[in-house]
Amino acid sequence: MLRLGNDWDEIIGGEFEKPYYLALREFLKTEYSTKRIYPDMYHIFNALKSTPYHAVKAVILGQDPYHGPGQAHGLCFSVQPGVEPPPSLVNIFKELHSDLGMPRPKSGCLQKWAQEGVLLLNTTLTVRAGAPQSHKGHGWETFTDAVIEALDRAPHPIVFLLWGGNARAKKALIHNPRHLVLEAAHPSPLSAYNGFFGCRHFSRCNAFLTQNGIAPVRWDVLCDED
């Protein structure tokens with residue numbers, strides 16, 4: 001059975017034995033052996049491996065991985081070090097600057113956010129090269145819904161940042177009043193001016209965490225020198 005190496009194994013490990021996931025696994029075997037698929041198969045579960053269940057403070061939901069070469073590495077909106085940030089990520093950095101005065105990070109890799117307790121989860125975890133949403137409807141949505149439902153049951157408050165229609169549809173899975181759900185337009189250039197810019201989700205997230213006795217997310221950790 002697939003192992004994530006932290007407490008997610010106990011929380012959602014049973015999903016890997018269910019019929020829908022076994023069918024998804026067979027589909028992925030064929031896809032990875034016959035086509036160019038992103039991310040690398042060893043990076044598919046990076047979001048869960050990087051942010052243990054007990055450590056999740058905030059959740060950012062993406063749709064599916066970037067479908068260009070060298071970009072996706074298992075964290076939504078994030079690109080591998082040395083890769084130019086795509087337009088949606090550039091707009092996220094613009095809102096960070098507007099909200100928190102944070103300068104634009106030199107790298108588009110968001111791994112440090114994951115280590116801060118921000119679960120960077122796509123709702124579909126794989127994609128064919130050059131073909132967005134090509135792995136939609138093959139079982140990933142069932143798996144990531146189970147992740148969100150597990151987070152809803154968490155004993156500690158969590159902030160869910162839902163950007164765009166696909167992410168906002170997941171609000172129906174979040175029922176626990178201890179959590180905070182923040183909704184806005186997607187940061188894509190096509191929609192960012194329709195409610196993403198000016199949403200101030202980063203400061204609102206930290207205000208909620210602080211009110212609940214939880215250390216705020218260091219969003220500016222991306223600007224730290226390694």
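Is Phe196 buried, partly exposed or exposed? I looked this up before anything else. Phe196 has 0% relative accessibility, so I noted it as buried; the term means under 20% relative accessible area, with exposed over 50% and partly exposed in between (1.4 Å probe, protein chains only).

Basis of the entries. I worked from a predicted model, in which local features need pLDDT of at least 70, side-chain atom pairs count only at pLDDT 80 or more, and totals for chains, interfaces and linings use all residues. Residues are numbered from 1 along each chain as its sequence is written, and side-chain values use heavy atoms, with hydrogens and water left out.

Aromatic pairs. I took rings of Phe, Tyr and Trp (its six-membered ring) as paired if their centres lie within 6.5 Å; planes under 30 degrees apart are stacked, over 60 edge-to-face, and the rest tilted. By this rule I have 18 aromatic pairs. One of them is Tyr20 with Tyr21, edge-to-face at 6.4 Å centre to centre and 90 degrees between the planes. Tyr21 is buried at 5% relative accessible area. Phe197, at 23% relative accessibility, is partly exposed. I also found a cluster linked by ring pairs: Phe77, Trp113, Trp163, Tyr193, Phe196, Phe197, Phe202 and Trp219.

Helix H8. I used helices (H or I, at least four residues) and strands (E, at least two) as DSSP runs, numbered from the N terminus. H8 covers residues 201-211, and its buried residues are His201, Phe202, Cys205, Asn206, Phe208 and Leu209. Down the axis of H8 they fall within an arc of 160 degrees, so they line one face of the helix; the arc is that of the directions from the helix axis to the C-beta atoms. They pack against strand S2 (58-62), helix H4 (87-100), helix H5 (111-115), strand S5 (159-163) and strand S6 (180-184). After H8 comes Gly213, with a positive phi near 75 degrees.

H4 against H8. I have the two packing at about 60 degrees, with axes 8 Å apart. Axes are lines fitted to C-alpha atoms, for helices over the stretch in contact, and angles run from 0 to 180 degrees between N-to-C directions. H4 and H8 are therefore oblique (under 35 degrees is roughly parallel, over 145 roughly antiparallel, 65 to 115 roughly perpendicular, the rest oblique). Ile92, Glu95, Leu96, Asp99 and Leu100 of H4 meet His201, Phe202 and Ser203 of H8; contact means heavy atoms within 4.5 Å.

Core. The largest nonpolar core has 73 residues, and Trp8, Trp113 and Phe143 have the most contacts inside it. Such a core is a set of buried Ala, Val, Leu, Ile, Met, Phe, Trp, Tyr and Cys residues joined through side-chain atoms within 4.5 Å. Leaving out residues up to four places away in sequence, I list among the contacts of Trp113 Ile92, Leu96, Phe202 and Trp219.

Loop positions. Thr124 sits in the loop between strand S3 (118-122) and strand S4 (127-128) and is buried at 5% relative accessibility. Beyond its neighbours within four places in sequence, Thr124 contacts Gln63, Asp64, Pro65, His135, Lys136, Trp140 and Glu141. Ala154 is in the loop between helix H6 (140-152) and S5, and is buried at 0%. Not counting residues up to four places away in sequence, Ala154 touches Tyr53, Arg178 and His179.
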